[in-house]
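Visitor: I am new to this structure and would like to learn how to read the place where two chains meet. Could you take me through it step by step?

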Amino acid sequence: MLKPTIGIEVHCELKTNSKAFSPSSNTYGEVPNKKANVIDLGYPGVLPTLNKGLLDLGIKCALALNCKVTKEIFFDRKNYFYPDNPKNFQITQNNTPIGTCGYVEIEYDGKKKKIEIEEIHMEEDTCKSIHENDYTLLNFNRAGIPLIEIVTKPCIENEKEAVLYLENLREILLYAGVSDVKIEEGSMRCEPNISLSDSDKLGTKIEVKNISSISAVKESILYEIERQTKLINDGVKLKEETRRWDDKSKTTILMRVKETGNDYRYFPEPDIPKVIIDDKWIEDIRKTIPLLPNELRKKYKELGINDVTISSLIQNKELSVVLNELIDMNINPVLSANILTGDILSYLNKKYITFKESNITIDNIKDIVNLLDNNEISSKIAKVIIAELLEKEGDVSTIIKDKGLKQISNTDELVKVIENILDNNLKSVEDYKNGLDRSIKFLMGQIMKETKGQANPKVANELLISELENKTKL
Amino acid sequence: MSRYLDLSIKKINEKLKNKEITPLDLVNECFDRIEENKEYNAFITLNKEEAIRFAKSLEDKEVDNLLFGIPIAIKDNIVTKDLKTTCASKMLSNFIPIYDATVIKKIKEKNMIIVGKLNMDEFAMGSSNQTSFYGPVLNSKDKTRVAGGSSGGSATCVGMNMAPLALGSDTGGSIRQPSAFNGIVGLKPTYGRVSRYGLIAFGSSLDQIGPITRNVYENALLLNVLCGKDEKDLTSVDTSEDFTRLIGEDISDMKVAVPKFYMSDVINPEIRNKIEEVISFIEKNNVKVDYVDIDYIEYSVPLYQIIALAEASSNLARFDGVRYGYVTDKKVESIDDMYKYTRKEGFGDEVKRRLMIGSYVLSGKNAKTYYYKALKIRKSISDSFDEILSKYDLIIGPTTTDFAYKIGEGETDAIKSFTDDLLTIPVNMAGLPGMSIPVGYGNNKLPIGMQIIGNKFDEAKMYKFASYIEKNFEGGKLC
């Protein structure tokens with residue numbers, strides 16, 4: 001039977017301040033060609049510089065993906081003519097990739113699997129070409145933006161593994177603070193290669209480019225498996241080729257056949273001296289890596305947070321960062337997590353804003369959780385306060401004071417309210433006598449209504465029962 | 001016409017300080033001399049209007065350094081903002097840079113006056129200045145002969161004293177060989193001594209910009225201006241010193257090595273004899289001289305053909321007609337055709353030949369057979385030099401194997417431009433500083449250059465030695 005083997009190459013833009021080999025700024029979406037200098041234009045006489053931020057993020061990425069960091073690195077030139085390649089060579093790493101022999105762990109059907117990473121290397125991006133009618137426009141803002149290329153071994157067996165690998169990889173890179181990994185904006189690009197074989201020998205490799213979402217990776221893999229299976233069964237001998245995913249027709253379209261393998265005439269970049277990466281450098285970078293998603297999941301679980309909330313937190317890195325801060329301040333983690341992934345998250349999603357952009361602050365949440373934790377407010381009041389703070393900047397104690405929201409735990413005060421309610425609801429008292437428990441629910445509702453929700457539910461409940469007992473004894 | 005430019009820079013400086021003359025006088029005289037010697041074809045572009053404007057603007061300024069107001073000419077592969085920079089190629093015949101090379105900035109900071117851009121071999125590929133799109137430069141001592149190359153314009157300019165100072169560049173001998181052919185002083189500094197930012201690259205791991213001057217002292221003065229770490233060039237090194245500081249000191253007790261390779265039968269006997277005369281002269285002055293072997297230097301020329309040309313094939317790939325420079329007029333069907341015709345029409349034969357060789361040695365399996373092997377042997381050459389220089393202060397020998405030859409000679413010999421550089425290339429391979437100074441003339445009245453090779457960053461010692469020869473050796477005085 002034909003068995004698919006899949007490898008994936010991922011390119012990610014690194015979140016440095018400036019470009020890889022020039023001091024131009026690394027920003028997306030500016031006015032075309034405003035973020036390009038003579039180096040990015042490949043002007044005669046220019047030389048590359050080397051951004052230390054590139055090396056730091058390269059090392060960080062290697063560590064986050066469990067790679068061995070290469071201690072002595074240099075860059076290479078990859079020579080090919082193309083209008084989006086200003087020097088007609090790209091500065092990349094061919095001989096000494098920054099990281100080797102890493103892995104990303106995935107889990108499905110209850111099984112864990114390590115997707116092996118062959119190597120990761122740093123390189124510069126090309127221009128963005130915009131093809132119109134019979135001409136092409138070039139935007140040099142992208143030229144020289146630092147990229148990391150992550151290459152797996154051909155060890156992925158199906159589309160499910162591919163998707164899980166990409167999702168996990170994306171989370172790791174995001175959490176490590178290496179890249180924005182926005183696939184739609186092109187800051188993460190995925191290129192799977194698929195081959196089919198009925199033996200241990202790998203089949204003919206077909207590479208697919210131009211994929212703009214993880215679900216399209218899945219679709220393209222399924223499409224290629226089907227297409228190649230049919231061709232092989234029809235007795236067609238496949239050739240190594242590069243195809244393009246077409247999102248409209250949901251098919252792959254031939255871009256080019258690899259005739260004899262590309263001749264990129266690689267050689268060491270003479271303008272950038274070797275870089276020695278010592279243990280101290282590596283350890284300093286290791287210290288800057290926060291907990292990565294798998295470690296966070298474990299930590300949250302141990303704190304008693306439920307699975308649904310955990311996955312909601314992991315998917316929203318910003319909230320997870322907020323939660324970690326609260327945990328560090330010794331604030332109740334379960335209550336904090338529930339608040340963050342509840343009303344706050346739905347508000348942020350509705351308004352398309354980040355936590356930082358909203359009016360509510362970490363201190364606000366700290367105050368609310370502490371009040372809840374000490375039973376000083378009910379979860380209902382907490383909701384009211386949160387809604388208020390999301391709309392307008394404020395202070396929890398002021399809101400409570402202004403709105404008179406403080407919980408009533410004072411027994412005398414509550415007894416008065418309860419007596420009053422029982423006097424006005426003799427039917428319910430009668431019901432209670434006859435063993436109808438739902439009357440308690442009704443009476444509690446009345447108490448809450450009367451106290452505008454401020455009655456401490458636990459205290460009120462106890463008092464109500466003892467008052468009812470007194471009354472039925474009479 | 002005034003002849004102030006015949007004076008030493010120190011003298012000119014005194015006159016400027018005393019307000020006896022103005023920078024404008026110097027610039028006017030300079031352009032008169034260039035005009036007078038037009039047939040030598042040393043310049044590609046003159047910067048007359050701007051130079052005059054700038055000279056006038058200097059009149060009210062304080063003469064604050066020795067090179068203030070001194071005219072200088074620049075090899076045309078060093079980019080100058082708003083001043084056409086052609087690399088002597090059709091490919092860049094219309095190219096006006098939008099930035100200044102680091103060395104140009106430094107020259108401007110010293111208020112030196114750039115008078116124009118100098119002829120050269122196309123993209124610095126050649127050793128007789130005959131590959132220039134703008135035609136050959138004539139030798140300043142015999143106009144039927146070549147000026148040498150690739151900095152031929154620079155050497156003839158200084159040799160005729162059209163301008164007292166010039167910048168050249170040296171990848172395999174391009175400063176030293178034309179300096180020897182024209183009887184002047186040219187230095188290829190230690191690799192990394194001078195920023196290459198703004199030098200249109202040929203062989204990046206070998207290229208260095210250097211001063212070409214009438215005498216040793218002025219050479220050291222100009223190097224003072226050029227050197228230093230540049231954050232725009234990662235291969236540049238943080239060194240700053242006064243290179244004139246040892247000039248005038250005694251050379252006795254120095255130890256000098258003469259490689260046997262440099263005194264072989266391949267060298268014209270008259271040149272060899274002249275070097276031997278220098279050797280006996282310095283021995284008389286208590287310098288210890290030994291003949292030595294330097295392992296692997298005989299492989300320098302083939303190594304150069306691999307390393308320099310491989311790097312060039314990549315460095316020159318950017319000339320494709322897309323962003324600047326020449327672009328074909330042909331109506332083309334595809335981008336590949338545009339590249340093809342632009343490069344076919346824009347580059348001369350020698351450049352194309354070298355780009356093809358360079359692409360070949362990097363192609364597929366060849367990279368391992370040629371390029372990576374060459375890098376290994378290069379390291380061995382460098383180690384051999386280091387070993388000798390750990391025991392000796394300097395290495396000396398002839399700069400060239402022969403005298404400047406007739407224009408047109410050797411044009412059909414594709415290998416000649418490499419063998420011309422037999423004695424200079426090893427220095428680039430090892431990244432060492434190398435200098436050529438005149439030590440006399442042959443019977444044919446053509447100058448002979450002696451090469452002085454120093455340890456890395458040991459230029460001050462080379463200047464001391466060179467200056468001693470210049471002052472005290474009979475042959476040296478002739479120039």
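**Reading the interface**

Guide: Let us begin with the residues that touch: in this predicted model, 41 residues of chain B are in contact with 34 residues of chain A.

Visitor: What area is buried between chain B and chain A?

Guide: The size of an interface is often given as the accessible area lost when the parts come together. Here the area buried between chain B and chain A is about 2,900 Å², and carbon and sulfur atoms give 61% of that. On the side of chain B, the residues B:Leu234, B:Arg318 and B:Arg323 supply 21% of the area it buries against chain A, more than any other three residues.

Visitor: How many salt bridges and how many polar contacts cross the interface?

Guide: The rule finds one salt bridge between the two chains; it joins A:Asp271 to B:Arg196, whose closest N and O atoms are 2.9 Å apart. As for polar contacts, 18 residue pairs between chain B and chain A are counted.

Visitor: Which helix gives the most to the side of chain B that touches chain A?

Guide: That is H9(B), with five residues. The residues on this side of chain B divide into 22 nonpolar, ten polar and nine charged.

Visitor: Is H9(B) mostly covered or uncovered, and what span should it have?

Guide: H9(B) is mostly covered, since 14 of its 16 residues are buried. At 1.5 Å a residue, the 16 residues of H9(B) should span 22 Å, and because its end C-alpha atoms lie 21 Å apart, the two values agree.

Notes: Residues numbered from 1 in each chain as written. Chains lettered and ligands numbered in written order. Predicted model: local features only at pLDDT ≥ 70, side-chain atom pairs only at ≥ 80, totals over all residues. Heavy atoms only, no water. Contact = heavy atoms within 4.5 Å. Buried area = accessible area lost by both parts, 1.4 Å probe. Salt bridge = Lys/Arg side-chain N within 4 Å of Asp/Glu carboxyl O. Polar contact = N/O pair within 3.5 Å; in protein donor to acceptor, adjacent residues only side chain to side chain. Helix = DSSP H or I, 4+ residues; strand = E, 2+ residues; numbered from the N terminus. Nonpolar A, V, L, I, M, F, W, Y, C, P; charged D, E, K, R; others polar. Expected span 1.5 Å × (residues − 1). Buried < 20%, exposed > 50% of the residue type's maximum accessible area, 1.4 Å probe, protein only.
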